[in-house]
Amino acid sequence: MTTTLQDCRALDAQDPLRALREQFVLPEGVIYLDGNSLGVLPRTAAARVAQAVTAEWGEGLIRSWNSAGWYSMPQRLGDKIGQLVGAQAGEVVATDSTSINLFKVLSAALSIARADAPQRRVIVSERSNFPTDLYIAEALCKERGLTLQLVEPEGIAAALTQDVAVLMLTHVNYRTGAMHDMAAVTQAAHAAGVLTVWDLAHSAGAVPVDLNGAQADFAIGCGYKYLNGGPGAPAFVWAHPRHADRFWQPLAGWWSHAAPFEFTPGYTPAPGISRYLCGTQPILSMTALECGLDAMLAAQPLGGMQALRKKSLALTDLFIALVEERCAGHGLALVTPREHAQRGSQVCLSRSEGAYAIVQALIARGVIGDFRAPDILRFGFTPLYVGFEEVWHAVEHLKQVMESGEWQRPEFNQKHAVT
Ligand SMILES: *Cc1c(COP(=O)(O)O)cnc(C)c1O
C-alpha cells in the first residue's frame, strides 16, 4: 500500500498539534529538518529580546537584575525545562553550555562515586558518543589520572565492572538517532555500583524523559536544538536531589555561592542545583531561550511530550516508509532503528558515496537536513512545527536529486566549515 500526497494532507488535517506551528517563523519555501541542530525562531523572540534590550537594559539598567527578574532566570527557566524532562521544580538550572555543564556534573559524579570506592578509576562511554562529551571526559581523566573506556552500544552492560565509577551516555545518539532505555541502563549501572550521567541534547523537547522516574544521577542538555532557544542558547543541568548537595562542582564561581552578595572571601556552596551555576548569565540569550521554552510548553494542554512523541513517531515512520517506497535502488540505507522504543526524533540514512553532496543538493532545493561524517544524511523531525505534507515533499526532492544525479555537480561537493 503506497502513501500518497493526499494521505499526507489528511494526516495534517487530523493533527491535533498543527496550530503549534504558528508560534514559529519559518522561511517561505523551506522544509526544515534540522531542528535537532538549530531550532527555529519563536515568533515572540524578536520583540521580547528587543524589549529586554531597550526597556530592561536601556531604561532599567542595573535595576533590572531585580525588577526584570534577571537574577532568577537560571532557576525560572530551569523549572520550565524540568517539566519536559521529569524533574521537579528547583531541580534544574539553565546556564552555560552543554560542554561546560558536562564538565561540572562529570566531576561531581566522579567525586561522589569515588568517595566510597576509590578503586573505581574508569569512565565508560560509547565510542560513537558526541565528540565534545568524549573530549571533556578525556580531559577530566587526564587531570585526575583516570581512564576513559569507550565501547560499542552492545558492550555497555559487560563494561560495568568494579573498576567503573561513571557511565556517561547520550540518551539519543546524534548520528544514528538510536535511543537508550534510560531506566533500564541506569538500573544496570546502579546494580554494578556505577553512577550515570545522561546527555539529553537530542532528547529534551524531542522525546519524553523521566529523570526522576529512571532514578538517573546527573543530566545535562542543550538549549538551541529542540528547545528553540537560538544559536548558542544556554544549556541546562540537573542533579538528582540525593546528589545535589554532596559536592562542590569545580567551576565554583560566585553565582554558585550561598550568598553571592555578601562578598565573603570564603566559599560556601548554594544549596541544591544553584551550586551548578558559575558566573553572570547571558541575559539576552536567556530571554530568547525563554521564548523557545514557552512555545514548547504551549503543547502541555494538548498532551505535552506524550502527544509530541506520538506525532514525532508518525513523522519518522512516514519518512522511512516514503524513502523505502520512492527512493529504492539509490543506495540509501536506513541507520536509525525501526523499533519505536529505540528511536529518537530523527532519521539517518547512509550512503557510501556522495552523502555530503546529496545533503547540499537538498539544501539548494530548500530541504534543510545535515551531513554527519563520514556517510550520514541526517533529518530531524520536530513535531512542534514539521508537518506530514512537508515529509512527502522532502522525500520527493530526495528522489529527484537521486534520479537526476544533480548531487554530482561540483558546487555540491565543495565542503563548508560547518556541515
Ligand atoms: C549538540 C551537542 C552538544 C553541544 O555542546 P555545546 O557545548 O553546546 O557545543 C553536546 N553534546 C551532545 C551529545 C550534542 O548533541
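Start at the largest pocket, where the residues of the lining divide into eight nonpolar, eight polar and three charged (Ala, Val, Leu, Ile, Met, Phe, Trp, Tyr, Cys and Pro count as nonpolar, Asp, Glu, Lys and Arg as charged, and the others, Gly among them, as polar). Select E126, P153, A178, M179 and H180, which lie nearest the centre of this pocket among the 19 residues that line it. The space in the largest pocket comes to about 320 Å³, a volume being what is filled by probe spheres set on grid points joined across faces, edges and corners.

The model is a predicted one, in which local features need pLDDT of at least 70 and side-chain atom pairs count only at pLDDT 80 or more, whereas totals for chains, interfaces and linings use all residues. Residues are numbered from 1 along each chain as its sequence is written, and side-chain values use heavy atoms, with hydrogens and water left out.

Now select D12, D15, R18, R21, K311, Y385, V386 and G387, the residues that line the largest cavity. This lining divides into two nonpolar, one polar and five charged residues, and the cavity has a volume of about 40 Å³. A search of the whole structure finds one cavity of 30 Å³ or more. Both terms rest on a 1 Å grid over the protein atoms alone: a cavity is a set of points where a 1.4 Å probe fits but cannot get out, a pocket is an open set with protein on both sides within 12 Å along at least five of seven lines, and lining residues have an atom within 4 Å of a point.

From G387, which is in the cavity lining, move to A13, whose C-alpha atom is separated from that of G387 by 9.8 Å although the two residues are 374 apart along the chain. A13 lies in helix α1, residues 5–14 (helices are DSSP runs of H or I with at least four residues, strands are runs of E with at least two, and both are numbered from the N terminus). At 68% relative accessibility A13 counts as exposed (exposed is over 50% relative accessible area, buried under 20% and partly exposed in between, with a 1.4 Å probe and protein chains only).

Select K80 in helix α4, residues 73–85, which counts as buried because its relative accessibility is 18%. Leaving aside neighbours within four places in sequence, K80 is in contact with E290, L293, D294 and L297, where contact means heavy atoms within 4.5 Å.

**Cysteines**

With a disulfide taken as a pair of cysteine sulfur atoms within 2.5 Å, the count comes to zero disulfides. C291 is in no disulfide, and the nearest cysteine sulfur, that of C222, is 17 Å away; C291 is buried, with a relative accessible area of 6%.

**Aromatic rings**

Colour the aromatic side chains, among which the count comes to 13 aromatic pairs (rings of Phe, Tyr and Trp, the last by its six-membered ring, pair if their centres lie within 6.5 Å, and planes under 30 degrees apart count as stacked, over 60 as edge-to-face and the rest as tilted). The rings of W248 and Y267 have centres 4.6 Å apart and planes at 70°, so this pair is edge-to-face. W248 and Y267, 19 residues apart, are both in the loop between α9 (241–244) and α10 (283–297), and W248 is partly exposed, with a relative accessible area of 46%. Then select W65, W70, Y71, W254, W255, F261 and F263, which ring pairs link into a cluster.

**Backbone stops**

L61, in the loop between α2 (45–59) and α3 (64–67), has a phi near 50°, a positive value in a residue other than glycine, and at 48% relative accessibility L61 counts as partly exposed. D96, in the loop between β4 (92–95) and α5 (98–116), also has a positive phi near 50°, and D96 is partly exposed, with a relative accessible area of 22%. Last, select A373 and P374, which are joined by a cis peptide bond with omega near 0°; P374 lies in the loop between β14 (370–372) and β15 (376–380).
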